[in-house]
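Visitor: Put the model up, please, and let's go through it.

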Amino acid sequence: MKTYLCAGGRSDRVNRSRRCLNRTVAFSTAALTGCRRSPTFNILGSFFPSWLFCLFAGIILAVVSNRLFVHFSLSKEILWPVVLYPCIALLSACALWLILF
């Protein structure tokens, strides 16, 4: 394999690896710019993460959906409630996180 020297005296292989490293650093820097602050709530001097509130709201919405299913007699049609209700809680928690934060 032939290596050709560039005008600066470096081989083409070194220039490629340097360009790859520069791109990696640029992309990682761009990816980390979103980490300015963590979304927290100050409650009586103690900081709570926002995802914790979204999780509790998701659990509450899963309980509300359970009550709605029981009220409309749809709970008998659910084959695996052990899978369904955590999925409802996770879906609503992630949706709240995306909407609010």
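**Aromatic pairs, cysteines and confidence**

Visitor: What's the relative accessible area of Phe48?
Guide: Phe48 comes out at 31%, partly exposed. Buried means under 20% relative accessible area, exposed over 50%, and partly exposed in between, with a 1.4 Å probe and protein chains only.

Visitor: What am I looking at, and how are things counted?
Guide: This is a predicted model, with residues numbered from 1 along each chain as its sequence is written. Local features need pLDDT of at least 70 and side-chain atom pairs 80 or more, while totals for chains, interfaces and linings use all residues; side-chain values use heavy atoms, without hydrogens or water.

Visitor: How many aromatic pairs in the whole structure?
Guide: The search finds 2. Rings of Phe, Tyr and Trp (its six-membered ring) pair if their centres lie within 6.5 Å; planes under 30 degrees apart are stacked, over 60 edge-to-face, the rest tilted. Phe48 and Phe53 are edge-to-face, with 6.3 Å between centres and 75 degrees between planes. Phe53 is partly exposed at 32%.

Visitor: And which residues form the tilted pair?
Guide: Phe69 and Tyr85, 6.3 Å centre to centre with 40 degrees between the planes. That pair links distant parts of the chain, from Phe69 in helix α2 to Tyr85 in helix α3 (residues 81–100), 16 residues apart. Phe69 is partly exposed at 23%, whereas Tyr85 is buried at 16%.

Visitor: Switching to cysteines. How many disulfides?
Guide: There are 0. The cut-off is a pair of cysteine sulfur atoms within 2.5 Å. For Cys54, the nearest cysteine sulfur is that of Cys94, 8.7 Å away.

Visitor: Is Cys54 buried or exposed?
Guide: Cys54 is buried, at 4% relative accessible area. Cys94 is partly exposed at 41%.

Visitor: What's the secondary structure?
Guide: The chain has 3 helices and 2 strands, in the order α-β-β-α-α. Helices (H or I, at least four residues) and strands (E, at least two) are DSSP runs numbered from the N terminus.

Visitor: Where is confidence lowest?
Guide: In helix α1 (residues 12–32), with a mean pLDDT of 72, against a highest value of 94 in helix α2 (residues 50–71). pLDDT is the predictor's confidence in each residue, from 0 to 100. The chain averages 81, and 77% of the residues score at least 70. Where pLDDT is low, the predicted coordinates should not be read in detail.

Visitor: What share of the chain is buried?
Guide: Buried residues are 11% of the 101 in the chain.
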